[in-house]
Amino acid sequence: MKVMISLDSSQSSQRAVEFLFCRPWLAEDEFLIVSVVDADRGDMSLGSAMTKPNQTFNAEPNRIIQAAQVEMRKILPEHAISTKTLSGPIKQAIVDCAKNWSADLLILGSQGRQGLNRLMLGSVAEEVLRDAPCSVQIVRRKYSRQEDKV
Amino acid sequence: MRVMIPIDGSECSKAAVEYVVERPWKDSDTFLLVHVVEPIPVDIGIAYVPGAYTPDDPAAFEQSEALLKIVESELRATLVGHTIEHKVTGGPAKAELVDLTKEWKADMIVMGSHDRHGFNRLLLGSMAEDLMKAAHCSITIVKNFTGTK
């Protein structure tokens, strides 16, 4: 099965990674870790955005996916694990990537926003679920490796 | 991990069962198959259609029980050694399922999706999406899953 994991810098993404570590996988499963470039980052100057767009925008997603890849390699040394930085509107980027890579399962964390926050910010997980070409796994609970290990 | 699998007898819920059968699980994982008998809106006369049932109709519960027993035996054949239970409840499906995730302390829901779009979605909605919003546990929505076996 081809498993795609979409990460960002949030706590919920960390939970998705933890989930991945503490669950069993088949020997033939392949993984693709992706992160979408967030063009709305507040912590950049216009100058650096114009002169070094690649570093400015891609640094954070690259760091996230590389850290996840290193950790995954330790736990799943036999599996194929690739990474990709995506750009564009978040939902579209994730859905298109799942289509192009012909993913079988897409794993996402969800912030679990409720009420006004949900209304204003929406839920990426929900939008992705609607348009995803494959199965979607939304990770909510905190999984600890020790607790779940048998 | 405690895995709850809502079953409605459709092709999509079959896909969810197939997914559970084909994916690896830990020995400690337990499974609960659920079917919710939804009340029929009596006030618009649907309950008087021959063959329809009311929520407290024991025949509906017997039928659901039989459906779940078939699925349960299917799961038992592959998931040897796991605890597998089943449960039939009555009421509005979403509320019942959300309550049950809390009551049974589910860690994960695995369910199929009809993958409706456009007018059908507007009319019938999506149980998967409703549950995703309302439940506090993780959820796997199985779509376009073609088994390897």
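Here are a few notes on how the two chains of this predicted model come together.

1. Let's start with the contact between the chains. On chain A, 17 residues are in contact with 21 residues of chain B. Helix 6 (124-131) and strand 5 (135-139) of chain A each supply at least two residues of the side that touches chain B, and strand 5 gives the largest share, 5 residues. By type, the residues on this side of chain A divide into 11 nonpolar, 2 polar and 4 charged.

2. If you want a place to look, A:Val136 stands opposite B:Ile141. Strands of a sheet pair through backbone hydrogen bonds, either parallel or antiparallel.

3. Which order do the strands of the sheet take? Ten strands form an open sheet in the order 3(A)-2(A)-1(A)-4(A)-5(A)-5(B)-4(B)-1(B)-2(B)-3(B), with mixed pairing. Its edge strands are strand 3 (80-86) of chain A and strand 3 (83-90) of chain B, each of which pairs on one side only. Neighbouring strands are turned by 20° against each other on average, direction ignored.

4. Within chain A, strand 1 (residues 2-7) and strand 4 (residues 105-109) pair in the parallel sense over 4 bridges. Here A:Val3 stands opposite A:Leu105. Helix 5 of chain B (residues 127-134) packs on the sheet, where this helix touches strand 5 of chain A as well as strand 4 (108-112) and strand 5 of chain B. The direction of helix 5 makes about 170° with that of strand 5 of chain B.

5. Next, have a look at helix 4 of chain A (residues 90-100). Which of its residues are buried? They are A:Ala93, A:Ile94, A:Val95 and A:Ala98. An α-helix has 3.6 residues a turn, so residues three or four places apart point the same way. The buried residues of helix 4 pack against strand 1, strand 2 (30-36), strand 3, strand 4 and helix 6 of chain A. After the helix comes A:Ser102, with a positive phi near 45°.

6. Finally, the core. The largest nonpolar core has 67 residues, and those with the most contacts inside it are A:Leu106, B:Ile5, B:Ile109 and B:Val110. In soluble globular proteins, nonpolar side chains tend to be buried together. Leaving aside neighbours within four places in sequence, B:Ile109 is in contact with B:Met4, B:Pro6, B:Thr101, B:Leu131, B:Ala135, B:Cys137 and B:Ile139.

Methods. Residues are numbered from 1 along each chain as its sequence is written. Chains are lettered from A and ligands numbered from 1 in the order in which they are written. This is a predicted model: local features need pLDDT of at least 70, side-chain atom pairs count only at pLDDT 80 or more; totals for chains, interfaces and linings use all residues. Two residues are in contact if their C-beta atoms, placed from the backbone, lie within 7 Å. Ala, Val, Leu, Ile, Met, Phe, Trp, Tyr, Cys and Pro count as nonpolar, Asp, Glu, Lys and Arg as charged, and the others, Gly among them, as polar. Two strands pair if DSSP finds at least two bridges between them. Axes are lines fitted to C-alpha atoms, for helices over the stretch in contact, and angles run from 0 to 180 degrees between N-to-C directions. A residue is buried if 20 or more other C-beta atoms lie within 10 Å of its own, exposed if 12 or fewer, and partly exposed in between; C-beta atoms are placed from the backbone. A nonpolar core is a set of buried Ala, Val, Leu, Ile, Met, Phe, Trp, Tyr and Cys residues joined through C-beta atoms within 7 Å.
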